[in-house]
Amino acid sequence: MLIGVAIAAVLLLLVMITYFKINPFVTLMIVSVFLGVAAGMPFDKVLASIQAGLGNTLGFIAIVLGLGTMLGKMLEESGGAERIAKTLINLFGLKKVHWAMMIVAFIVGIPVFFQVGVVLLIPLVFTIAKETGISLLKVGLPLVAGLSIVHGLVPPHPAAMAAVDIFKADVGKTILYSLIVGLPAAALAGPLFASFISKRMRVVGVPEGFADQIKAGREDHEMPGFGITVFTILLPVILMLFATIADLTMDRTSQMFAILKFIGSPFMALLIALLFAFYSFGFSRNFNLTQIGKFCDQSLPAMASILMVIGGGGAFNKVLLDSGIGNEIAKMASTMGLSPIMLAWTIAAMIRVATGSSTVSMMTAAGIVAPLVANTAGVSKEIIVLAVGSGALVLSHVNDAGFWIVKEYFGMTVTETLKTWTVLETILSVSSLVFILLLSKVVS
């Protein structure tokens with residue numbers, strides 16, 4: 001009966017979001033109440049479970065998301081993203097500019113949301129396409145591939161960080177594994193696929209209405225240096241990796257171990273990076289404290305909706321666990337001999353296709369799979385985090401906001417967007433799954 005309740009809850013979630021177009025956060029709250037009551041939980045326990053799940057999830061992720069969003073805003077305002085793009089484009093040359101765009105997106109995408117990354121970097125795509133005559137698809141698809149894979153797999157992105165918290169995975173290992181998996185997947189779906197499809201599909205120039213986004217750009221002296229920009233963006237990743245190295249190599253009673261674990265926690269790593277960005281992207285670019293404070297204030301409204309969805313996902317996951325449904329799913333999966341990796345990927349993929357939201361699919365799949373992983377020996381929690389993120393990228397179509405963003409910026413029809421963006425996302429998902437399965441043979 002509990003398994004049937006879980007299936008009914010997921011179906012209700014999908015119908016409310018896709019058919020009735022109800023806000024995902026409101027939907028998650030309604031479904032969480034339905035799930036708890038239908039599973040036979042006392043009313044007061046249902047409310048307590050929802051409150052605990054939402055509070056515990058946001059208690060961790062709100063800090064990370066807030067600091068990361070501010071860091072992304074500082075990168076944007078300082079011209080750091082433009083510096084990285086121009087440097088790598090000059091380094092790679094025009095013949096390999098599509099590879100440069102993938103790497104730009106991978107680096108810049110670490111502290112910013114997918115949508116923000118597209119808006120931030122698409123003027124460079126337009127400029128290159130117009131000035132060189134290179135296909136907009138060949139230059140632009142690697143950009144969205146790099147941004148998308150980072151969004152799905154690489155902490156400190158919010159959904160990936162929330163999955164790390166749900167599975168109690170090691171954030172440093174997750175970052176390391178996500179880079180091993182993400183870079184080759186982005187190469188396949190980005191530059192390689194773009195080179196293939198751009199010869200078979202013609203997208204004519206910069207779409208009307210976006211010509212004003214083609215700008216001469218900042219002068220060289222108006223942007224921070226390449227080295228300091230990359231270092232600032234990667235500083236939280238470096239600090240979190242230091243904490244993982246300390247876990248693997250150091251005496252846990254030593255003072256240095258305690259220090260590295262402290263500065264390598266997601267909260268402290270991002271706080272340190274943001275404070276450093278106040279100098280590297282702020283004071284050194286002649287911004288004063290008032291301007292820096294204004295940039296931080298401007299960055300916060302954009303995170304509200306994603307934060308609420310993640311909190312709602314945390315509430316849903318907590319009810320799954322407290323009602324006993326999670327354990328029933330784990331028992332059923334163990335008797336069927338399902339691979340935890342394939343189970344995580346499949347559940348996330350199904351919810352992604354139905355709802356269009358990678359965040360909703362990651363949160364829901366993580367809640368369903370977490371009890372199974374907790375009771376299964378020899379399964380890397382970090383690998384399961386990546387499997388959930390990989391499944392949450394598959395088959396983006398008309399119910400996904402990212403689909404329409406790409407369609408409009410590239411000036412494509414719905415059919416053309418399905419042939420390019422939807423295929424790209426599916427290549428990202430399937431190829432990253434293959435790399436995850438291969439990596440799982442090495443780590444446990």
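## Helix α14 and V309

V309 touches P24, F25, L28, T359 and V360, leaving out residues up to four places away in sequence. The model is a predicted one. V309 sits in helix α14. Its relative accessibility is 12%, so V309 counts as buried. The cut-off for that class is under 20%.

V309 also has a C-alpha distance to A159 on record here: 9.7 Å. Along the chain, V309 and A159 are 150 residues apart.

## The largest pocket

Helix α14 returns in the lining of the largest pocket. This helix spans residues 304-322 and gives four residues, the largest share of that lining. The space in the pocket comes to about 780 Å³.

What is the make-up of the lining by residue class? It divides into 15 nonpolar, 13 polar and four charged residues.

## Helix α17 and T364

T364 belongs to helix α17, which covers residues 358-374. T364 has 1% relative accessibility and therefore counts as buried. Which residues does T364 contact, beyond its neighbours within four places in sequence? They are L13, F316, N317 and I351.

## The nonpolar core

The largest nonpolar core has 153 residues. Six of its residues touch the most other members: V108, V144, I149, F167, F410 and L424. Two of them, I149 and F167, are taken up here in turn.

I149 touches F106, V154, G182, A185, A186, L393, L428 and S432. That list leaves out residues up to four places away in sequence.

F167 lies in helix α8, residues 158-167. Its relative accessible area is 4%, so F167 is buried. With neighbours within four places set aside, F167 is in contact with A366, V369, A370, V373, K381, I384, V385 and V388. F167 and V369 are 202 residues apart in sequence. Their C-alpha atoms are 8.7 Å apart in space.

## Helix α19

Is α19 largely enclosed or largely open? Seven of its ten residues are buried, so the rest of the structure largely encloses α19. The buried residues are G402, F403, I405, V406, K407, Y409 and F410. F410 is also among the core residues that touch the most other members.

Just after α19 comes G411, with a positive phi of about 65°.

## Positive phi outside glycine

K168 has a phi near 55°, a positive value in a residue other than glycine. K168 is found in the loop between α8 and α9, the latter covering 171-198. Is K168 buried or exposed? Its relative accessible area is 60%, so K168 is exposed.

L395 is another case. Its phi is near 50°, again positive and again in a residue other than glycine. L395 lies in the loop between α18 (381-391) and α19 (401-410). At 38% relative accessibility, L395 counts as partly exposed.

## Aromatic pairs

How many aromatic pairs does the structure hold? There are five. One of them joins Y19 and F20 in an edge-to-face arrangement, with 4.9 Å centre to centre and 90° between the planes. Y19 counts as exposed because its relative accessibility is 64%. F20 counts as exposed at 53% relative accessibility.

F114 and W421 form a tilted pair, with 5.6 Å centre to centre and 35° between the planes. F114 lies in helix α6 (residues 114-132) and W421 in helix α20 (residues 414-440), so this pair ties together parts that are 307 residues apart in sequence. Are F114 and W421 buried or exposed? Both are buried.

F231, F276 and Y279 make it up.

Note on methods:
Residues numbered from 1 in each chain as written. Predicted model: local features only at pLDDT ≥ 70, side-chain atom pairs only at ≥ 80, totals over all residues. Heavy atoms only, no water. Core = buried A, V, L, I, M, F, W, Y, C linked by side-chain atoms within 4.5 Å. Buried < 20%, exposed > 50% of the residue type's maximum accessible area, 1.4 Å probe, protein only. Contact = heavy atoms within 4.5 Å. Helix = DSSP H or I, 4+ residues; strand = E, 2+ residues; numbered from the N terminus. 1 Å grid on protein atoms, 1.4 Å probe; cavity = no way out; pocket = protein on both sides within 12 Å on 5 of 7 lines; lining within 4 Å. Points joined across faces, edges and corners; volume = space filled by probe spheres on them. Nonpolar A, V, L, I, M, F, W, Y, C, P; charged D, E, K, R; others polar. Phe/Tyr/Trp six-rings, centres within 6.5 Å; stacked < 30°, edge-to-face > 60°.
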